[in-house]
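Reader: I would like to learn how to read a fold feature by feature. Where do we begin?

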Amino acid sequence: MVVNEGSFNVLDWIKARLDHIRPVLPSQIVLTVGLYAFKAMKDSKRFVGDNTSTLLHILHRKEVDLKTIDVDTNSDKIIVLDTVSDPHYWFDLNTHLEENGSLINFLKKRVFSYHQEVVTVGSLSEGVTSGVLPTLSSYLIQEEKSVVMLTVFPSMRHSSDALFNAFSSLGLLLLNEARPIILLDHFYLEAFIGVNKAGGLLVGGDAVNYLAELFLKKKGLIQDLVKLSKSFNVDLFTVLMALGASLEIYGNLRNILDITLEQPLLDFDLSTASMIYVIIKVPLRLKDQLPKGYIELEVNNWLKERANLDAPQICEPIYVEEFGNRIDLVVLVGGFNTEQLFKTINKRISRLSRLIVDQGLYDKEIWRKIENRLVQSQ
């Protein structure tokens with residue numbers, strides 16, 4: 001076959017296109033731990049037919065055997081941990097995992113090198129979640145993953161057992177230098193009301209699902225947040241948000257920012273924050289009306305007016321192909337003063353923690369370090 005100069009070369013055409021083909025691997029993964037997180041995320045539509053994200057659930061055998069949830073234990077998306085006794089307290093499961101390495105073996109078969117951005121979701125009041133998260137976090141840090149931890153924290157209305165689990169697990173996470181950790185008070189979370197894309201109500205666990213999906217919306221956002229958290233030495237964050245707020249109804253961005261103060265997801269003082277990270281999801285057709293520079297200026301002026309706050313502020317607009325004029329605004333507040341919160345919890349659980357230490361159920365020195373990290377270091 002003779003190919004004349006200037007003629008169409010089929011082999012060159014094929015080679016040029018093969019050179020541009022890249023394997024599509026899921027670079028993001030969500031790991032839910034425990035029953036609360038499983039229920040919040042199990043119906044997420046984000047992962048249906050999505051080849052860029054993975055959803056993996058970690059549960060305990062007792063949660064499966066009780067038949068309170070419908071779980072396909074044969075699915076490769078489910079990790080079922082098993083212990084002789086039910087993990088009521090964090091140290092029941094944490095000690096087991098540290099000794100036999102079963103969780104790490106599971107993770108090596110499910111979490112791969114191409115999973116670079118990770119979101120963990122769990123309620124720290126649960127014995128399963130509070131026991132698993134420190135081991136899970138340590139492994140992900142060792143594997144050099146960029147991890148955002150979305151944690152539901154018990155309110156003071158919960159039992160001392162729940163507060164003890166959350167206090168202990170959070171202390172271990174901070175000792176292991178896990179960051180950023182986002183705290184959502186369970187009581188405030190269940191009272192939160194937002195609007196979804198379809199105009200329906202978004203409440204409670206739906207808000208957890210929404211936040212997890214939001215972090216995956218823009219590739220690199222998690223890596224950016226982790227890097228900034230380390231740079232500014234900020235471990236703990238909480239959330240202010242307004243979901244489905246109509247720009248036409250509220251008039252301007254400043255009014256929507258004010259709405260976020262009406263439904264905080266933790267009791268904290270905004271004026272004590274040391275870092276602000278704003279994620280705003282805007283219909284593409286409003287991009288000219290809400291450009292990045294304008295958003296940054298409005299957020300800066302709002303923080304000065306409402307909290308007299310002058311702290312590092314990062315604004316990340318996400319412009320999406322959506323009809324209507326509804327805006328989702330999420331303000332991640334980091335580095336706020338937690339002294340009163342943790343002192344109050346420590347006082348509430350002091351009798352329980354002392355009894356457990358005296359019985360030798362967990363190491364006294366570990367508990368001293370946890371207390372020091374959360375209370376004494378304030």
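This is a predicted model: local features need pLDDT of at least 70, side-chain atom pairs count only at pLDDT 80 or more; totals for chains, interfaces and linings use all residues.

Reader: How many residues of strand β1 are buried?
Author: Buried means under 20% relative accessible area, exposed over 50%, partly exposed in between (1.4 Å probe, protein chains only). Strands (E, at least two residues) and helices (H or I, at least four) are DSSP runs, numbered from the N terminus. In β1, residues 28-33, six of six residues are buried. Gln28, Val30 and Thr32 cover one side; Ile29, Leu31 and Val33 the other.

Reader: Which residues touch the most other members of the largest nonpolar core?
Author: In soluble globular proteins, nonpolar side chains tend to be buried together. A nonpolar core is a set of buried Ala, Val, Leu, Ile, Met, Phe, Trp, Tyr and Cys residues joined through side-chain atoms within 4.5 Å. Here the largest has 80 residues, and Val132, Leu136, Phe164 and Leu170 touch the most other members. Helix α7 (residues 160-175) gives the most to this core, eight residues. Apart from it lies another core of 44 residues, including Tyr36 and Ile318.

Reader: What is the geometry of the aromatic pair Phe164 and Trp367?
Author: A pair of aromatic rings is described by the distance of the centres and the angle of the planes. Rings of Phe, Tyr and Trp (its six-membered ring) pair if their centres lie within 6.5 Å; planes under 30 degrees apart are stacked, over 60 edge-to-face, the rest tilted. The whole structure holds 14 aromatic pairs. Trp90 and Phe91 are edge-to-face, at 5.8 Å and 85°. Phe164 and Trp367 are tilted, at 5.6 Å and 40°. Phe164 lies in helix α7 and Trp367 in helix α15 (residues 364-376), so the pair ties together parts 203 residues apart in sequence.

Reader: Is Arg285 buried or exposed?
Author: Arg285 is exposed, at 57% relative accessible area. Arg285 lies in the loop between β10 (275-283) and α13 (292-307).

Technical notes. Residues are numbered from 1 along each chain as its sequence is written. Side-chain values use heavy atoms; hydrogens and water are left out.
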